[in-house]
Amino acid sequence: MDALVEEAAKKAAVAWIAVGGRPPTLAWCAWLDGSLLVVTGEGEQAIPGLAEAASAEVSLRGDHGGRIVTFPADVTNLSPSDDAWAELVPQLAGKRLNGRGGAEDLARAWSERCVVSRLTPAGASADLPDDAQAAPPRPTPATRIPRHPFRLHKVRGATRKR
């Protein structure tokens, strides 16, 4: 495994995950046992296509917000009947901020209505691009009403009579 991937993933609380050619989605994650674990489903984050995917592309960023590494990952879903579930999901639930109830309650809820995906690095990390990789904002139905500019006083007429 790439040492850069492992070190960045250990420190990451979120990752950008791209599945099936879709734009990357920001997701909460945790690094456990050599893989990133991600929870999706009812009451949790939505990453379209991740539950059905066999692979994904993961990007991790540093404290300064810049991308550190991008790598391909193999995706497997943990089943509540797996030994890995019993070992990893309670640890994952313990790392979940603002979870409802304790770690046991959270793990039980995930087993009933969510998918826990394990993203294991698969291959070398990609070289970082030289350009900014900036993209225009995605279309959205959200709008806001612009405010009128602040004026200290009203100006009446552009010229003054003397």
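The model is predicted, so local features need pLDDT of at least 70, side-chain atom pairs count only at pLDDT 80 or more, and totals for chains, interfaces and linings use all residues. Residues are numbered from 1 along each chain as its sequence is written, and side-chain values use heavy atoms, with hydrogens and water left out.

**The aromatic pair**

- One aromatic pair turns up in a search of the whole structure.
- Trp28 and Trp110 form this pair, at 6.5 Å centre to centre and with 45 degrees between the planes, and it counts as tilted.
- Rings of Phe, Tyr and Trp (its six-membered ring) pair if their centres lie within 6.5 Å; planes under 30 degrees apart are stacked, over 60 edge-to-face, and the rest tilted.
- Trp28 sits in strand S2 (residues 25–28) and Trp110 in helix H3 (residues 103–113), so the pair ties together parts that are 82 residues apart in sequence.
- Helices (H or I, at least four residues) and strands (E, at least two) are DSSP runs, numbered from the N terminus.
- Trp28 and Trp110 are both buried (under 20% relative accessible area; exposed is over 50%, partly exposed in between, with a 1.4 Å probe and protein chains only).
- Arg96 lies over the face of Trp28, 5.4 Å from the ring centre (for a charge over a ring, NZ of Lys or CZ of Arg is within 6 Å of the ring centre and within 35 degrees of the ring normal).

**Gln45**

- Gln45 belongs to the loop between strand S4 (35–41) and strand S5 (55–61).
- Gln45 has a relative accessible area of 18%, so it is buried.
- Leaving out residues up to four places away in sequence, Gln45 touches Ala27, Trp28, Val38, Val39 and Thr40 (contact means heavy atoms within 4.5 Å).

**Leu119**

- Strand S7 (residues 114–121) holds Leu119.
- Leu119 is buried, because its relative accessibility is 0%.
- Beyond its neighbours within four places in sequence, Leu119 contacts residues including Ile17, Leu36, Val58 and Val75.
- Leu119 and Thr25 are 94 residues apart in sequence and 14 Å apart in space, C-alpha to C-alpha.

**The second largest pocket**

- The second largest pocket is lined by Glu7, Ala8, Lys11, Ala12, Arg61, Gly62, Asp63, His64 and Ile68.
- Helix H1 (residues 3–11) gives the most to this lining, with three residues.
- A pocket is an open set of points on a 1 Å grid over the protein atoms alone where a 1.4 Å probe fits, with protein on both sides within 12 Å along at least five of seven lines; lining residues have an atom within 4 Å of a point.
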